[in-house]
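Student: Hi! I'd like to walk through this structure with you, one question at a time. Could you put it up first?

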Amino acid sequence: TGTTKDSEERAHTVRDPQQSAKKGPEPRLLGTSGGEGEKKGHRKVTLPTVSNYTIRDAEDGDNAKPQQGSKPETENKLEMVAGKGDGSQQQDWDNAEWESKPLCDFSNFRANVCEMRGNIRIHPNASSVMYMEPASSKRNELWKLKPYPRKGDELCLSKVTELTVKSSKVAPECTKYHNVPVVVFALTGYTGNLFHDFTDALVPLFTTASEFNGEVQFLITDMAIWWTRKYHVVFKKLSNYPLIDFNKDTDVHCAKHAIVGLHAYMEFTIDPSKAPHNYTMVDFNRFMRRTYELPREAVSALGEIPKAKPRLLIISRQRTRMFLNLPEIIAMAEGLGFEVVVEEANVSSDLSQFSKVVNSVDVMMGVHGAGLTNCVFLPHNATLIQIVPWGGIEGVCRIDFGDPAEQMGLRYKQYSIAVHESSLTDQYPLDHEIFKNPLAFHKGFEFIKETFMDKQNVRLDCNRFKPVLLQTLDLLNQ
């Protein structure tokens, strides 16, 4: 984890064309993103994760708006100002099924998402997305949301631009037309930590946009150029079009299909029962391997490749949750027949190279932390071993990496260290409450993180841990 480099918040004023036109009653507020207008029964939830911190680079000087195509001709402009314009075109766009649905769905505990089909205007200068309703419509909706999947996390969302989604009979004139769906989402919050890059951005983005097979336009609020460069191959795989920096764009974008926000479920997972086209984490794992052009789709059983040793990758850490006896661990694993590779994963790692290392191994192990997120590059049926620090945090570890690994089609082992394997014994006497009743220190995630993650290293008992590697060898023989 790194430290947050807070950037100055920008003020965004939502200009309401209906107010100037003075037509009809004010729209009723149907929902907000984590604010006072939240519907009753939608409880605010802050999920426990490996890190609630982000590493934010300074704003890039060449963070310029991507070049767009030429503006549409007059006949292509979708003028529906004050209910005027081509009524036949509007009729073609109206979809009876979508007309009967609310514009937004705020029922998901993790993310609010709006989806519209019809005549849609996206106006970055006003931070607004407008659904142009037919003259006979009585929809009259107005929603406010922050398109980043950390619903209820006030600290995180304080950095995210709030958008207004509303139905309207009045809108500014289009200056840019998209004949593909448009997805609007945020890239701030906790991105910059590898785990959050995936659980908050890349997995939800895959879930939301993959169905369009590249024929989709991304409009990104709070965009960091360094981040989009780091994952440029992912964006290139998901969209055939240049990214648009929402906060620096001055056009009024028009589209027939728009999604505001990203579909997200539990940490680092996809819920097939709710995801478009029933996508799964197996699909995401395959997508990542193919995006980074990784050669191994699945592990080979031991013996299939003559004289080849099973490869074990140990994810090392340099500041917290370090292996204090790494040479001893390497020697023990090599004695069992593994070829051992040691790598450190951090925010500056070159993913194109690191992904190839991960894909080349059969087993990956490490202490609970963001580095384990690299399991997305493992071949099918590879094994992930997570070392759980002392502190009664097995549940968090299982949610963050255990469940996702198994849902990706990986084998998973979880090893909880004993008291004598923890460096906390150097800070507290053995009769201290931290060893007798660690759950007494579960006073909120930040306190847990400070106590059991930021101030603890691991001295692995190789004799106690050896059976885990032997079981893993057995799995590789199957």
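Student: Let's begin at one residue. Leaving aside neighbours within four places in sequence, which residues is Leu476 in contact with?

Tutor: Leu476 is in contact with Ser300, Ala301, Leu302, Pro310, Asp362, Val363 and Arg411, once neighbours within four places in sequence are set aside. Keep in mind that this is a predicted model.

Student: And where is Leu476 found?

Tutor: Leu476 is in helix H14, which covers residues 462–477.

Student: Buried or exposed, by relative accessibility?

Tutor: Leu476 has a relative accessibility of 2%, so it counts as buried. The cut-off for buried is under 20%.

Student: How far is Leu476 from Asp362, C-alpha to C-alpha?

Tutor: Their C-alpha atoms are separated by 8.0 Å, with the two residues 114 apart along the chain.

Student: Asp362 again, then. What does Arg311 touch beyond its neighbours within four places in sequence?

Tutor: Arg311 is in contact with Phe338, Glu339, Val341, Ser360, Val361, Asp362 and Val363. For one of these, Ser360, the C-alpha distance to Arg311 is 7.6 Å, at 49 residues apart in sequence. Arg311 itself is found in strand S12.

Student: Nice, on to the strands. What order do they have in the open sheet of 5 strands?

Tutor: The order is S13-S12-S14-S15-S16, and the pairing is parallel. At the edges are S13 (339–344) and S16 (411–416), each pairing on one side only. On average, neighbouring strands of this sheet are turned by 20° against each other, direction ignored.

Student: How many bridges join S12 and S13?

Tutor: S12 and S13 pair in the parallel sense over 6 bridges. Ile314 stands opposite Val342 in S13. As for cover, 5 of the 6 residues in S12 are buried.

Student: And how many for S14 and S15?

Tutor: S14 (residues 363–367) and S15 (residues 383–388) pair over 5 bridges, in the parallel sense. Val367 has Ile387 in S15 as its bridge partner.

Student: Which strands does helix H10 lie across?

Tutor: H10, residues 351–359, lies across S12 (311–316), S13 and S14, and runs at about 155° to S13. Helix H11, residues 394–407, lies across S15 and S16, at about 165° to S16.

Student: Changing topic: which residues touch the most other members in the largest nonpolar core?

Tutor: That core has 63 residues, and Phe198, Phe218, Tyr231, Phe235, Phe268 and Phe284 touch the most other members. Helix H5 (residues 194–209) gives the most to this core, with 9 residues.

Student: Why does this core lie between domain 1 and domain 2?

Tutor: Domain 1 (97–279) and domain 2 (311–477) both give residues to this core, so it lies between them. Apart from this core lies another, of 37 residues, and among them are Ile314, Ile330, Met365 and Val458.

Student: What about the phi of Phe268?

Tutor: Phe268 has a positive phi of about 55°, although it is not a glycine. Most residues other than glycine have a negative phi.

Student: What is the phi of Glu293 near?

Tutor: Phi of Glu293 is near 55°, again a positive value in a residue other than glycine. Glu293 is found in the loop between H8 and S12.

Student: Last bit, the whole chain. How many helices and strands does it have?

Tutor: The protein chain has 14 helices and 16 strands. Buried residues make up 56% of its 478 residues. The accessible surface comes to about 20,500 Å², and 49% of that belongs to carbon and sulfur atoms.

Student: And what share of contacts between residues at least 6 apart in sequence join residues at least 24 apart?

Tutor: For the protein chain, that share is 79%.

How values were computed:
Residues are numbered from 1 along each chain as its sequence is written. This is a predicted model: local features need pLDDT of at least 70, side-chain atom pairs count only at pLDDT 80 or more; totals for chains, interfaces and linings use all residues. Side-chain values use heavy atoms; hydrogens and water are left out. A nonpolar core is a set of buried Ala, Val, Leu, Ile, Met, Phe, Trp, Tyr and Cys residues joined through side-chain atoms within 4.5 Å. Buried means under 20% relative accessible area, exposed over 50%, partly exposed in between (1.4 Å probe, protein chains only). Helices (H or I, at least four residues) and strands (E, at least two) are DSSP runs, numbered from the N terminus. Domain bounds come from an automatic or database domain assignment. Two strands pair if DSSP finds at least two bridges between them. Axes are lines fitted to C-alpha atoms, for helices over the stretch in contact, and angles run from 0 to 180 degrees between N-to-C directions. Contact means heavy atoms within 4.5 Å. Accessible areas come from the Shrake-Rupley method with a 1.4 Å probe; for residues, only the protein chains shown count as cover.
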